[in-house]
Number of protein chains: 2
Amino acid sequence: MSAAHDERDELGEALQHMGAAARASARSLARADKAQRATALHAMSKAVLAHKDEILEANARDMEAALNAGASPAFADRLKLAPGSVDAMASGIETVAWLPDPVGLVEDEWVRPNGLKIARVRVPIGVIGIIYESRPNVTADAAALCVKSGNAAILRGGSEAMGSARAIRTAIAEGLERADLPPEAVQLVPTSDRMIVGRMLAGLDGTIDVIIPRGGKSLIARVQKDARVPVLAHLDGNCHVYVDKAADPKKAVEIVLNSKMRRVSVCGAAETLLVDAAGAGHLLRPLVVALLDAGCEVRGDRITQTIDPRVEGAVDDDWYTEFLDAIIAVKIVDGVEGAVKHIAKYGSSHTDSIVTEDKLAAEIFLREVDSAVVLHNASTQFADGAEFGFGAEIGIATGRLHARGPVGARELTTFKYVVKGDGQTRP
Amino acid sequence: MSAAHDERDELGEALQHMGAAARASARSLARADKAQRATALHAMSKAVLAHKDEILEANARDMEAALNAGASPAFADRLKLAPGSVDAMASGIETVAWLPDPVGLVEDEWVRPNGLKIARVRVPIGVIGIIYESRPNVTADAAALCVKSGNAAILRGGSEAMGSARAIRTAIAEGLERADLPPEAVQLVPTSDRMIVGRMLAGLDGTIDVIIPRGGKSLIARVQKDARVPVLAHLDGNCHVYVDKAADPKKAVEIVLNSKMRRVSVCGAAETLLVDAAGAGHLLRPLVVALLDAGCEVRGDRITQTIDPRVEGAVDDDWYTEFLDAIIAVKIVDGVEGAVKHIAKYGSSHTDSIVTEDKLAAEIFLREVDSAVVLHNASTQFADGAEFGFGAEIGIATGRLHARGPVGARELTTFKYVVKGDGQTRP
C-alpha cells in the first residue's frame, strides 16, 4: 500500500510539473511568430518520417499486446498503423503547416468617437487537454493543430496505444526542438492511469484551458459530466437528407446513397431520409430501391412500406436514432417546412442536407435548419475537417458555443481586444 | 406540506412551460429578419417610455419593501430607478436597435477544390438564461441584446426587484407583440424561488443553451460550480497599468488616476500600478503623490515606500488582490518584459494598459499580455460594453472560450457552416 501510495504521489507531482511546463510552453508558442511555428511543423513532419521504423515497431508491440489481451478486430483495426499511415501522418502535419495561420488575425476593427481604435485579434487559447482512445494518428493530428494555433497540448491516449503514441510524440518533440520551441509544447501523460483523466478534467491546477475528448460515447459522457473546464466535444450525429419535390432524381439517389453508405460508422452519416410528399410519386421508389440494393436496411413510414416488401416499419424511436450502421429511417414530409419541423424535433443539430433544384426551398432549409453544418445538393459525409480544408482534424463539436462542426486551427484560438489610444480617460 | 408540495409541482410545470415557449420563440426570432427585430426593439423602447409611471411605481414599492426589510444604502442605490433611469433604459434599447445586426453575417467563405462553397455564418445561440440581482435596468438591457441577436431570454431577477422587473418585462412584451413577435421571447420567472435557479443551471430540460450570471462573486461562484450548461461570466478583474520609461508623464498621471479612481468598484478599475525601473526616477513620485492626494491608499514595494510617508508596505497578497476600493498596489518592474511577467503571474487576464510613447514597447505589451482587453495609452475603465460601442451591456466574460471581455450582441450569436454544392458526393 505504501509503495502504491508513493507511486501515486510521484504521478501527481509529475502531472503538476507537466501542467506548469505546458503553461510556460504555451507562452513561448504564443510569442513565436508564424514562420517559427511553420518551421516547427515542417520539422515535426520530417521527424515523424525519420522515425518511421521506431513508430511502426512500437505499434507492432502495441498490436501484439492488444491481440494477446483479446482485442476485437474493430479495435485492432483502429490501433494498427500500416507503413502508409505514418507517411499520411507526416503529410497531414505538412498540410497543416501550409494552411493560413489563425493567430494574430484581425477579425474586426473600428474607431470610437473618442478616437480609441479597437481591434478584435485572434490569439491562442493556451493549453489544450486531449483525451482519446486507440487511434495513434490522433497524437500527430492533435499536436499539429495545437502547434499551428499556438497552443500547448497535454495528450492522454488510450492505454493500448501508449507505445505508439510515445514514439510519435518523441518525433514531434524533436521537430519542436529543431525550431527552437520547447518540446514540452506537446506532452503525453506518462501512464494511462485513470486518475490522470480526473486531474485533467479538473483543469490540472488551472493549467488546462479546454478539454477535447475523442472517442466513444461513454468517454464523451464522462468528460461532459465531470469536467470543470470547458469541453469541445462530439456527442450525437443524427443527420438527415431531405429530398425536395424539385430535386434532380439522379443527384438525389447519389447523394442519399453516399450520405448513408459511404461509411456508415462516421458521425456525418445520414440516419434519416425525408422525402417531399409532393415528389414522392417519382422520387421515393428509386431512392428506397437504391438503398435496399446497396444492402441498407430501410425502416419506413406507412407510405414507404408500400414501395417494397423489404421495407420494415419505422417506430417513433427510429427518428431519434443514430444507427451508425447500414440502417436508414425514411419518412414522407410536407415540403421543406415539414422537413425543417421534423429535423427541429428529432435532429441533433449536427449535419443536414437538402437536395433540390429550387433555390428558394434551399434557402429556407439552409436558414431554418439549426445545425452546425447545413448542405445544399451535397453529401452529409462532407462534415469533416479535412473536407472543409482544415487539414488534420481534432474532432467535430456538437455544442453551440465557441466551436460548432469540424474543429480546425481557428477554433483552437480565442480573441482579445487590442485598444489603442493617445491618452484617453473615461469621463 | 402537501400544499407546499403542490405549489412546487405547479412551479415546476410553469418552468417547463416557460422553457418550451422560449424554445419556440427562439425559432420565431431566428426566422425574423433584421427589419422585424429592429421594429421590435423600437417598439420595446417606446413601450418602456409609455409605461414609465407603472415602472416607477413598481420600483417605489420594491424600494419601500427593501428599506423596511433593512436594505443597506448601497443595495437601495442599486435597486432605485430615478425617472431619468427609465428614459436611459428606453434610449439604451433604441441604441441597440441601431447597432449593426450580427445575425446572418458571413464571417468567412471559401471554395473547395471539388467545387463546394463553404460559408461560416453567424446565427443566434437560441435561449439565454440570465440570472441577476437587484439592478432593474438589467431586465431591459438583457432583453434588448437578446432580441437584437435573435435569442429568446429567460430572466431571473433578484427577489427585491421583482416588481420593477415585472413592470419592465410587461412593456417589453408589448413591444414584441407590436412587431408580431412572440412575447414569450423575453420571459421572467414567476417567483424568486431558489429552486428556479437550480432548474435554470441544469438547462431547464434542455431549453437553455447558455447561462449568464450577473452579480456578486458568490452568485457567480455558485453558477460556475453548479451549471450543467455553458456559462458566460465575470469572475475577477485584477487590472494593471504599466507606466513605461518612455511614458508621457502627464498622460501617465491622468490615465493612472482615471483607471483607479473614476469608479473604484467596477471590474475595469486598476488594482496595481507597475512603474518601469528605468523611468521611476522622474515618473514614480508624481504618480504616487497624485494617487495619495486623490484619496487613494497606496501600498508600495520598498522603493515606492521611500517616496512619501503615507505609502504603506505591500505584501505578496496585494499583487493578487482585486481591491474594488480606493487602494492601489505599486511596484517597480524591469521594463515591459518585467511588466508582462508580473501580469502573467498575478493578473486575472481581464484588462491591462501600458502608458508609453515607445511604439515597440507598446507592441510587445499588447501582444504578450494575455488579457481579454489590452490598452495602449488609455484608461482600463474603458473595459465596458457601451464604451466599446456595443450598446447595452450584458456583462464581461473572463473565461477564454466563445466570449472574452465585454459581451455584446455578437457574442450572443454562434455560427453555422452553410455548404452549397451541385451534387457532390464524397469519394
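Predicted model: local features only at pLDDT ≥ 70, side-chain atom pairs only at ≥ 80, totals over all residues.
Chain A is superposed on chain B by a rotation of 180° with 0.0 Å of shift along its axis, the RMSD being 0.0 Å. The two copies are thus related as by a two-fold rotation axis. Within chain A, the C-alpha that lies nearest this axis belongs to His402(A), at 2.0 Å from it. Of the interface residues of chain A, 100% are also interface residues in chain B, so the copies meet through the same surface.

Chain A itself is divided into two parts, with domain 1 made up of residues 2-232 + 407-417 and domain 2 of residues 239-387. The C-alpha centres of domain 1 of chain A and domain 2 of chain A are separated by 36 Å.

Strand 6 of chain A comprises residues 210-214, and because 5 of its 5 residues are buried, the strand is largely enclosed by the rest of the structure. In a regular strand the side chains alternate between the two faces of the sheet. In strand 6 of chain A both faces are covered, with Val210(A), Ile212(A) and Arg214(A) buried on one side and Ile211(A) and Pro213(A) buried on the other. Strand 6 of chain A runs parallel to strand 3 of chain A (residues 127-132), to which it is joined by 5 bridges. In this pairing, Ile212(A) of strand 6 of chain A has Ile130(A) standing opposite.

In chain B, helix 3 covers residues 52-68, and its 17 residues should span 24 Å at 1.5 Å a residue, a value with which the 24 Å between its end C-alpha atoms agrees. The buried residues of helix 3 of chain B are Ile55(B), Ala58(B), Asn59(B), Asp62(B) and Ala66(B). Seen down the axis of helix 3 of chain B, these buried residues fall within an arc of 100°, and they therefore line one face of the helix. The cover over the buried residues of helix 3 of chain B includes helix 4 (73-79), helix 5 (83-98) and helix 7 (162-178) of chain B. Asp53(B), Glu64(B) and Asn68(B), by contrast, are exposed on the other side of helix 3 of chain B. Following helix 3 of chain B is Gly70(B), which has a positive phi, near 85°.

Terms used
Residues numbered from 1 in each chain as written. Chains lettered and ligands numbered in written order. Helix = DSSP H or I, 4+ residues; strand = E, 2+ residues; numbered from the N terminus. Expected span 1.5 Å × (residues − 1). Buried ≥ 20, exposed ≤ 12 C-beta atoms within 10 Å, placed from the backbone. Arc of directions from axis to C-beta. Contact = placed C-beta atoms within 7 Å. Least-squares fit on C-alpha atoms with pLDDT ≥ 70 in both. Pairing = 2+ DSSP bridges. Domains from an automatic or database assignment.
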